[in-house]
Structure formats: C-alpha cells, structure tokens
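Study the sequence and the structure, then work through each solution in order.

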Amino acid sequence: MTDTCRAIAELLYDYVTEELSPDASAELERHLEGCPSCWQYVESYRQVAAMGRNLPDEPMPDELVRRLRSLLEAFRAQS
Amino acid sequence: MIQDAKSETNTVAEEVPQTFERLLFEFGTRIFNLARRMLNRVEDAEDLTQDVLLKLAKKVVQFRGESSLDTWVYRVTVNAALDFRRRRARQPDCCVDPSSESHGKGLRGGQSAAWRDPQRRALNAEARHQVERAIHELPEHYRDVYVLTDVEELPIVEAAELLQLSVPAAKSRLHRARLLLRQQLAPYFEEALT
C-alpha cells in the first residue's frame with residue numbers, strides 16, 4: 001500500500017464532489033488507473049453517496065394514517 | 001386591515017383542517033420517513049409526524065414565503081426531531097425493522113418497474129434492507145447529515161443550516177458517514193463490483 005493509497009480516504013469527499021484541484025484530481029486518477037483496490041474503494045464510496053437517493057420511502061403505517069384521519073375529522077367537526 | 005376577532009378565529013379554524021389535509025397528502029410520507037431515519041424508532045416517528053403536521057397546519061397562516069414550502073417543512077421536521085431526541089431519555093435503538101413489509105397500503109402509491117419484477121424485487125428488497133440497516137446503525141450526528149443530503153438530496157449548505165453546523169463540519173460528518181456505510185456494506189459492494 002502506497003502513501004497515495006493511504007491518503008485516498010481523505011480526498012474522496014472533495015474528489016466525488018469535484019472540489020479537488022485539477023492537479024490533485026489528475027494525480028489521484030493516475031493512481032486509480034494502476035491500483036484496482038483503490039479504484040474499487042472509490043467506486044464503492046460513490047455508490048454509498050448515490051444509494052441513499054434510491055431508497056424508496058416507506059408508506060406511513062396504517063395505524064398512523066387512521067390516527068391522522070381521525071384528527072382531520074375532529075378538526076372538521078370543530079370548524 | 002384590522003379584522004374582528006370572530007372572523008379571524010373562524011378563518012383560522014376553517015383553514016387548519018383544510019391545510020392539515022393538504023399537508024398530510026403532500027408531505028406526510030416524506031415527514032414520516034425523515035422522522036423514521038432520524039429517530040430510529042417507528043413509534044417515535046409516528047408521534048413526530050402527527051406533531052409536525054399539526055404544527056405546520058397551525059403555522060401555515062404565518063408562513064410568508066421567505067423560503068420554499070419544502071424548505072420550511074424540512075426545517076420544522078428537523079427541529080422537531082432534534083428537540084424530540086433532546087427531550088427523551090436515551091433508549092436502546094430498536095423497533096425499526098428495515099425488512100418489515102407490514103406497513104400495508106400507504107398514501108403514496110406506485111412503484112417502479114424494477115420493484116414489480118419478482119426476481120429483481122427480491123434482490124432490491126435485500127439491498128434496501130442492508131442499506132436501511134446500515135443507516136440505522138450510524139451514530140446519529142453522522143446519520144442526520146447523511147439522511148438530509150444523500151437521502152433527501154438537500155444541498156450540504158442547507159443541511160448544515162438545518163442542523164446548526166458549519167459547512168465544513170457538515171461535510172466532515174457526511175464524509176465519515178459515507179466511510180462507515182462503505183465499511184458496513186463492503187461485502188455487498190465487493191460482490192457488485194467483481
């Protein structure tokens with residue numbers, strides 16, 4: 001493992017958000033071309049950043065929906 | 001213009017149920033899911049959802065449009081969740097079962113074609129379970145930033161403001177959250193990438 005391999009984790013945020021300087025990005029990408037384990041590490045970090053947006057929302061539980069509808073009916077009865 | 005007290009009271013009393021209903025259908029599911037992921041307990045998320053919807057319905061007459069309605073809903077929900085955690089004594093994380101399919105019919109219908117395919121549904125459900133479980137296990141100060149940015153897709157600047165963090169602090173927490181999730185989900189990624 002090289003010094004660059006060890007430094008990859010701390011550069012990842014700026015790299016995936018394209019906030020890393022062009023020189024630093026180019027150096028990192030040169031390293032990734034020759035280091036499969038770092039490439040895999042970076043790709044998995046990208047996937048972690050992306051997977052959250054693909055999580056579907058759970059529907060509200062039936063009991064909560066019933067409770068909220070009852071509340072709504074109570075509001076209507078008062079107004 | 002000065003309104004008499006009776007007409008002002010009637011206006012608010014009539015608006016609240018109408019507003020509550022609109023908020024329930026437009027934002028209910030989103031509020032519930034944000035609460036669920038921030039509080040890590042379905043029961044707490046249910047209580048918080050009701051509290052937030054009531055608060056929004058009563059306050060919407062005061063909403064002056066300084067921000068978008070979405071931003072305002074997020075702000076009220078996040079503040080309520082943070083207050084909720086501060087008020088309640090620490091309890092063991094429990095009761096959120098990412099694999100549970102027992103929610104029944106929700107107010108939001110529709111699923112993508114990938115979910116309808118039986119074989120892909122099984123694979124996606126397993127992945128979803130793993131991801132939700134990993135998020136559930138994040139320390140809450142990392143989980144909050146990850147949920148607001150990578151799940152809810154808020155800009156990091158907005159997430160930082162909602163959580164009353166500096167932007168560098170929010171970025172640092174998000175980065176740590178991603179590294180922890182990557183570590184937790186490493187076997188899944190190794191399988192997917194090889």
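**Exercise 1.** How many residues does the contact take from chain B and from chain A?

*Solution.* The model is predicted: local features need pLDDT of at least 70, side-chain atom pairs count only at pLDDT 80 or more, and totals for chains, interfaces and linings use all residues. Residues are numbered from 1 along each chain as its sequence is written, chains are lettered from A and ligands numbered from 1 in the order in which they are written, and side-chain values use heavy atoms, with hydrogens and water left out.
Step 1: contact means heavy atoms within 4.5 Å.
Step 2: under this rule, chain B gives 52 residues and chain A gives 35 residues.

**Exercise 2.** Describe the salt bridges across the interface.

*Solution.* Step 1: a salt bridge is a side-chain nitrogen of Lys or Arg within 4 Å of a carboxyl oxygen of Asp or Glu.
Step 1: the rule finds 7 salt bridges between chain B and chain A.
Step 2: A:Glu58 and B:Arg128 are joined by a salt bridge of their side chains, at 2.9 Å from N to O.

**Exercise 3.** Why does A:Ser25 count as buried?

*Solution.* Step 1: buried means under 20% relative accessible area, exposed over 50%, and partly exposed in between (1.4 Å probe, protein chains only).
Step 1: A:Ser25 counts as buried because its relative accessibility is 14%.
Step 2: leaving aside neighbours within four places in sequence, A:Ser25 is in contact with A:Tyr15 and A:Leu20.
Step 3: A:Ser25 lies in helix α2 (residues 22-34) of chain A, where helices (H or I, at least four residues) and strands (E, at least two) are DSSP runs, numbered from the N terminus.
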